[in-house]
Amino acid sequence: MSDNHFEPVSGVDSAWLRLDRPTNLMVITAMAVVEPIPFNKLKELINSRFLAFPRFRQKPVNHSGFYFWEEDPYFSLDYHVRKVALPQPADKGALEKFIGDLMSTPLDPGKPLWQVYLIENYGDHHVCVMRVHHCYADGLALVAVFGSLSDQSPNINPFPLDPGKQRDAGVRARQSFVMGMETLSRAVEKCTKLRYRIAEEGKSILREPGYAVEGVRQGLNGAAEIARLAALEADDPTPLRGELGVMKCCTWSELIPLHKFKEVAQAFGCSINDVLLSCVSGGLRRLLQDRMDQVDGVRLHATLPVNLRPLETRLGREQLQELGNQFGTVFVPLAAGIGNPIERLYKIKHDMAALKESMQPSLSHALLTAMGLFPQGVQQPLLELFSNKTSMVLSNVPGARRARYLAGSKVKELMFWVPQTGDIGLGVSLLSYNQSVQIGINADRALLPEPAELTRAMIDSLEEYCSLTGMIWQAAEARSHRKA
């Protein structure tokens, strides 16, 4: 029996177990399109690097209403890492259906809550699909885990030759995870330009989850923020909300050059994140115009995860070696009700600037902790405080700036999909990798049976901004010639 046989699951991680519903499974799904990779090499890679994190050999077990991490005595790598073949023709549509069906299927609660699939017949490439329950880690931590699985060169031997080297490989994998978390934390900060003010109560929330519960219960300094959230009007009824089923669907865009977003941001004096959110808003507007009589002025919000890990690595190195969930959320107003694209962009910029001083991230972290530790009857009111204020979950994660290699095979595309809580049926994922951006959509199949319509609409919105950017540069060049 291991020393951590009865290690309790933290309050915030327990919340993700309690939030599981047949209509919304709390599982993060990720995909890597890679050059052909032998199945035995993938298994060796998972064994030597992924399982370097002991948590992935453990499963959460409920004892009298509380969860504890317990090592699986029957752990089998063959169960968790599988090889599958898609029906021919194994095109993108077939892969989308396979991943959508996986998203609709619960993980076995009697085993550690993760699985990896290798699909060998996706054209000239293979596809690695990973599913991990949210109680193990948040999206940022899982991107860092991918960094510890992959290499910056195809010539690195990722496999240990003996038990001693296996231990060394585990140490290197965890060190790579720590460095990846440090880099990602800074990249998120740089990308969003959001420096949230966290009061002393908020800092204590990060250090002591028990304090978070007490703070929420007694209504300390977060009471005013809770009142503001409670008073926030629910989103307007749109086809994006409705009764959920149990079947999911997903899609992802083609590679979009990152420089397009940078050029638009430079032309309009905004951040890249402002441009991304404006393209999401513009795409939603185009989609709703085909489904609603009146879109102007429509009220829409997205729940946006915000990293709460320490940015100073010297202060957080021990914490960064752990997985778990260390994020809060904010309600981001989406400007889908504004027809003018320039006005839409500056509205997004203004609203994001207004969120800089928000306590919403630390407050939402505390509420999630409460969901995990308070009696089950308290969970539903807390969940409703969030779910009826928003129409979608939006996650924006920066990946590696250069190509990565999985067991020597180059990763061509990288994508992940975020789960939704409560009765939210739409998730949008934005991921940058190797100087490109891809947009991922996962949705309830009854609400959005053709999610590719939304990715195309978002790309059309980007192209509109690119055209406006070209006009701005042409006008600037013409003024320069007249002065000369």
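C270 is buried (under 20% relative accessible area, against over 50% for exposed and in between for partly exposed, with a 1.4 Å probe and protein chains only), its own relative accessible area being 10%. C128 is buried as well, with a relative accessible area of 10%. The model is predicted, so to speak of local features pLDDT of at least 70 is needed, side-chain atom pairs count only at pLDDT 80 or more, and totals for chains, interfaces and linings use all residues. Residues are numbered from 1 along each chain as its sequence is written, and side-chain values use heavy atoms, with hydrogens and water left out.

**Disulfides**

- A search of the whole structure for disulfides, meaning pairs of cysteine sulfur atoms within 2.5 Å, returns 0.

**Aromatic pairs**

- Rings of Phe, Tyr and Trp (its six-membered ring) pair if their centres lie within 6.5 Å, and planes under 30 degrees apart count as stacked, over 60 as edge-to-face and the rest as tilted.
- By this rule there are 11 aromatic pairs.
- The pair of F56 and W114 is edge-to-face because the ring centres are 6.3 Å apart and the planes stand at 75°.
- This pair links distant parts of the chain, 58 residues apart: F56 is in the loop between helix 2 (39-48) and strand 3 (58-63), and W114 is in strand 6 (residues 114-122).
- Helices (H or I, at least four residues) and strands (E, at least two) are DSSP runs, numbered from the N terminus.
- F56 has a relative accessible area of 0% and is buried; W114, at 0% relative accessibility, also counts as buried.
- W252 and W417 form an edge-to-face pair, with 5.8 Å from centre to centre and 65° between the planes.
- W252 lies in strand 8 (residues 248-252) and W417 in strand 14 (residues 409-417), so the pair ties together parts 165 residues apart in sequence.
- Both W252 and W417 are buried.
- Ring pairs join F50, F53, F56, W69, F75, W114 and Y136 into a cluster.

**Charges over rings**

- A charge sits over a ring if NZ of Lys or CZ of Arg is within 6 Å of the ring centre and within 35 degrees of the ring normal.
- K92 lies over the face of W252, at 5.0 Å from the ring centre.
- R82 lies over the face of Y79, at 4.6 Å from the ring centre.

- An open sheet is formed by 3 strands in the order 1-4-3, with antiparallel pairing; two strands pair if DSSP finds at least two bridges between them.
- Strand 1 (7-8) and strand 3 are at the edges with a single partner strand each, so one side of each has no neighbour in the sheet.
- Strand 1 pairs with strand 4 (residues 66-71) over 2 bridges in the antiparallel sense, and E7 stands opposite W69 in strand 4.

**An exposed loop residue**

- R401, in the loop between strand 12 (392-398) and strand 13 (405-406), is exposed with a relative accessible area of 58%.
- The C-alpha atoms of R401 and S436 are separated by 8.6 Å, and the two residues are 35 apart along the chain.
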